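Here are a few notes to read alongside the model. Have it open while you go through them.

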Amino acid sequence: RARKSQRERPCDIETFTPSFFSLYETLIPAEEDKANQEHLLSLLAKSLNKEWPEAQLHLYGSWANTFGFSNSDIDICIAIDDSTASNHNMLLKVADIMELNNFQNVQAITNARVPIVRMTDPVTGISCDICINNLLAVANTKLLKDYAQIDDRLHQLVLIVKHWAKSRAINEAYRGTLSSYTYVIMCIHFLQQRKPAILPCLQEMEATYTLTIDGVECNYFDQVQELSNFGAKNKENIAQLLWAFFHYWAYKHDYKNDVISVRTGSIISKQEKHWTTRVGNDRHLICIEDPFETSRDLGRVVDKHTVKILREEFERAADILQYDPKPSVTLFEPY
Ligand code: ATP
Ligand code: MG
């Protein structure tokens with residue numbers, strides 16, 4: 001491991017940028033997919049507002065944060081201020097309404113960390129999750145979307161990293177690997193750390209967006225149109241960034257001591273967060289601080305077995321970018 005970490009970036013890595021860029025373009029959803037998704041959202045709003053006229057529907061997750069694929073599921077949050085009904089009963093009611101509206105495979109999953117109704121849109125076959133009052137997810141979706149406006153290289157890096165993680169079957173938080181949300185946080189942090197930096201740290205700047213949800217402060221600078229030149233001094237292109245991203249997670253990250261933090265735009269120590277010993281099921285083997293819920297380690301789902309799988313995948317990816325003649329193909333070979 002030590003010897004490999006001395007590796008220099010191959011001098012011809014840039015020559016792979018056009019092939020990664022073409023791949024990136026194929027990953028962006030078509031306008032037609034966006035139109036379908038908007039149509040679905042307005043249908044849902046109509047049928048839910050019949051039952052709850054004051055309810056608001058928020059799109060969150062990858063269709064709202066701009067990091068979606070055409071087949072990404074649609075994440076919807078119903079915001080409703082109704083103290084008379086329990087969330088549990090409301091979810092069951094939502095499930096009934098969806099069945100009446102001909103959605104398929106309607107399931108109320110009430111025992112999850114975030115209880116949802118899951119169903120399939122019969123027209124597009126796309127899966128759709130509805131939750132109630134999960135406003136923190138709506139806020140962190142906006143943070144991700146705002147970062148995406150600052151520099152196009154974040155969008156390129158995220159779509160390719162997500163495509164890689166899905167191809168290699170390491171994008172399944174319920175099986176001990178990492179969620180899409182976590183991969184986006186890793187990409188933002190990585191671009192904050194480039195020299196010169198490609199992304200700023202919005203939470204360290206003067207807050208123009210302030211919101212407190214369940215006691216959690218979600219404050220940051222959101223006038224991002226003013227930052228569109230932020231990364232201009234850094235000329236790195238997508239192939240160089242991919243090499244550096246995988247090289248970092250394969251050989252440079254200090255898994256024993258470090259926590260990556262988008263909130264501070266830097267690395268902080270496990271010690272400082274008291275994430276050194278296992279508490280309950282939280283093992284802290286790869287530490288990624290949630291930008292708003294700072295006591296939450298997004299890596300807590302990872303165990304001894306899956307951390308090994310993740311690290312082997314980072315090493316495989318770094319090695320492919322180092323030596324493979326066709327990295328934009330080999331990287332995504334299905335697991
Ligand atoms: P995909 O295209 O794979 O569906 P996604 O961006 O929708 O990607 P998910 O991981 O499915 O990502 O999560 C959906 C949303 O739920 C995220 O955008 C985020 O707002 C919220 N979320 C997911 N996991 C967490 C978490 N561990 N902590 C806080 N919010 C989370
Ligand atoms: Mg999603």
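1. In which sense do strand β1 (residues 56-60) and β2 pair, and over how many bridges? They pair in the antiparallel sense, over five bridges. Pairing here needs at least two DSSP bridges between the strands, and a strand is a DSSP run of E with at least two residues, numbered from the N terminus. Leucine 59 has isoleucine 76 of β2 as its bridge partner.

2. A quick word on the source. This is a predicted model, where local features need pLDDT of at least 70 and side-chain atom pairs count only at pLDDT 80 or more, while totals for chains, interfaces and linings use all residues. Residues are numbered from 1 along each chain as its sequence is written, and side-chain values use heavy atoms, with hydrogens and water left out.

3. Back to β2, which also pairs with strand β5 (residues 127-132), in the parallel sense and over five bridges. There, isoleucine 74 stands opposite cysteine 128.

4. Six of the six residues of β2 (residues 74-79) are buried, so the strand is largely enclosed by the rest of the structure. Buried means under 20% relative accessible area (1.4 Å probe, protein chains only). Ile74, Ile76 and Ile78 point one way, and Asp75, Cys77 and Ala79 the other.

Technical notes: Chains lettered and ligands numbered in written order. Buried < 20%, exposed > 50% of the residue type's maximum accessible area, 1.4 Å probe, protein only. Helix = DSSP H or I, 4+ residues; strand = E, 2+ residues; numbered from the N terminus.
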